[in-house]
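Please read them with the sequence and the structure open beside you.

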Amino acid sequence: MKVKKRANTGPANKNQNTEKRKDYRKKNAEKKKEKNQSVVNKKEGNQSVVDKKDNKNLSVTKMKASQKIDNNPKRMNRKKQRELWNLPLRERMMTHLKASRFRFINEQLYTNDSNANKKLFQEDPSAFHAYHEGYKNQVEKWPMNPVDVIIKSLLKMPKEHIIADFGCGEAKIAETVPQTVHSFDLVAANEKVKECDIANTPLLTGRTNVVVFCLSLMGSNLSDYILEANRVLIQGGILKIAEVESRFEKIEDFIHQMKSYGFVNTWKDLSHNIFYFMDFKKTKDVSKTDAKKLPNLLLKSCMYKKR
């Protein structure tokens, strides 16, 4: 019977086995450490991507916020107020007086008829300049200028068109578009403006392609303005109106009343917070002699609050 020899388990072999186990454990520990480090690196990499996105989103948010602040009328008004209080006392008093005079003249223009308003400016020419200076200050506070919307639409029309700008102010439309523009207002602010009552213009009957009322339906005789627009427009001519939305009790009622004056609504944009934009097409002639039979056009007065 053969007897198996025992493996040599002397001190030397034991030391060798111990060293092998240590090496094995060391290698496993290193592998585990490398694996853990790769996970950490991956997480840090993802976090850096997230951080970059967050920073980007934050910068976009800040940029949008700054734009919102810049375009916020209330914040702009506060800035104006701070600038006003930094002025010397005499200049502050003059500014308040100018604002008060503007509000007074504005109220007169909305409550009187156009003939009385014309006399007002003839008797006191400085009143017109005071009004337009105050008007310019108001325009700066608006998020948009409605005349720019009108101009954009006119630029798409044929250059051969003849345009009448009723209540033109400083005749910005005539300065901008390539068409022939007849600009009318109660006072001539410059050489492009013809001074007249827009209820009775010198234009020939049925020769105009487009009539514009941009924030100029002022006075107690709005019906006369619309009848004059009907007179000067060709059949199929366009009447463009831009007005403050708060002036309309019900916009549908106004559009319906315009049918009696020979105009059918073809387009409207009521999406803006402050202004309404409307286009009307002339479908028939309506004589001024029939004015008594027509519904009276009325809009609310646009009064500026004391600041």
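1. I begin with C168, which counts as buried because its relative accessibility is 11%, under the 20% cut-off used for that class. Please bear in mind here and below that this is a predicted model, and that each value in these notes was computed from it.

2. C168 is in no disulfide, since the nearest cysteine sulfur, that of C196, is 8.9 Å away, whereas a disulfide calls for two such sulfur atoms within 2.5 Å. The count of disulfides comes to zero. C302 is also a buried residue, with a relative accessible area of 10%.

3. C168 has a further place in the picture, as it is among the residues that lie nearest the centre of the second largest pocket, together with H132, Y135, G167 and G169. That pocket holds about 740 Å³ of space, and its lining is made up of 35 residues. The elements that give two or more residues to this lining are α3 (89–111), α4 (114–123), α5 (125–141) and α7 (172–176), and of the elements it is α5 that gives the most, with six residues.

4. Sorted by class, the lining of the second largest pocket has 21 nonpolar residues, alongside eight polar and six charged ones. Both domain 1 (79–139) and domain 2 (144–292) take part in the lining of this pocket, each with at least three residues.

5. Turning to the aromatic side chains, the model has 11 aromatic pairs. One of these joins F213 and Y225, whose rings are stacked, with 6.4 Å from centre to centre and 25° between the planes. Because F213 lies in strand β4 (residues 208–214) and Y225 in helix α8 (residues 222–232), the pair ties together parts that are 12 residues apart in sequence. Both F213 and Y225 are buried.

6. Y135, already named as one of the residues nearest the centre of the second largest pocket, also belongs to an aromatic cluster, which it forms with F102, Y131, W142 and F275.

7. A last point concerns L270, which is found in the loop between β6 (263–269) and β7 (275–282). L270 and I251 are 19 residues apart in sequence, and their C-alpha atoms are 9.3 Å apart in space.

Terms used
Residues are numbered from 1 along each chain as its sequence is written. This is a predicted model: local features need pLDDT of at least 70, side-chain atom pairs count only at pLDDT 80 or more; totals for chains, interfaces and linings use all residues. Side-chain values use heavy atoms; hydrogens and water are left out. On a 1 Å grid over the protein atoms alone, a cavity is a set of points where a 1.4 Å probe fits but cannot get out, and a pocket is an open set with protein on both sides within 12 Å along at least five of seven lines; lining residues have an atom within 4 Å of a point. Grid points are joined across faces, edges and corners, and a volume is the space filled by probe spheres set on the points. Helices (H or I, at least four residues) and strands (E, at least two) are DSSP runs, numbered from the N terminus. Ala, Val, Leu, Ile, Met, Phe, Trp, Tyr, Cys and Pro count as nonpolar, Asp, Glu, Lys and Arg as charged, and the others, Gly among them, as polar. Domain bounds come from an automatic or database domain assignment. Rings of Phe, Tyr and Trp (its six-membered ring) pair if their centres lie within 6.5 Å; planes under 30 degrees apart count as stacked, over 60 as edge-to-face and the rest as tilted. Buried means under 20% relative accessible area, exposed over 50%, partly exposed in between (1.4 Å probe, protein chains only).
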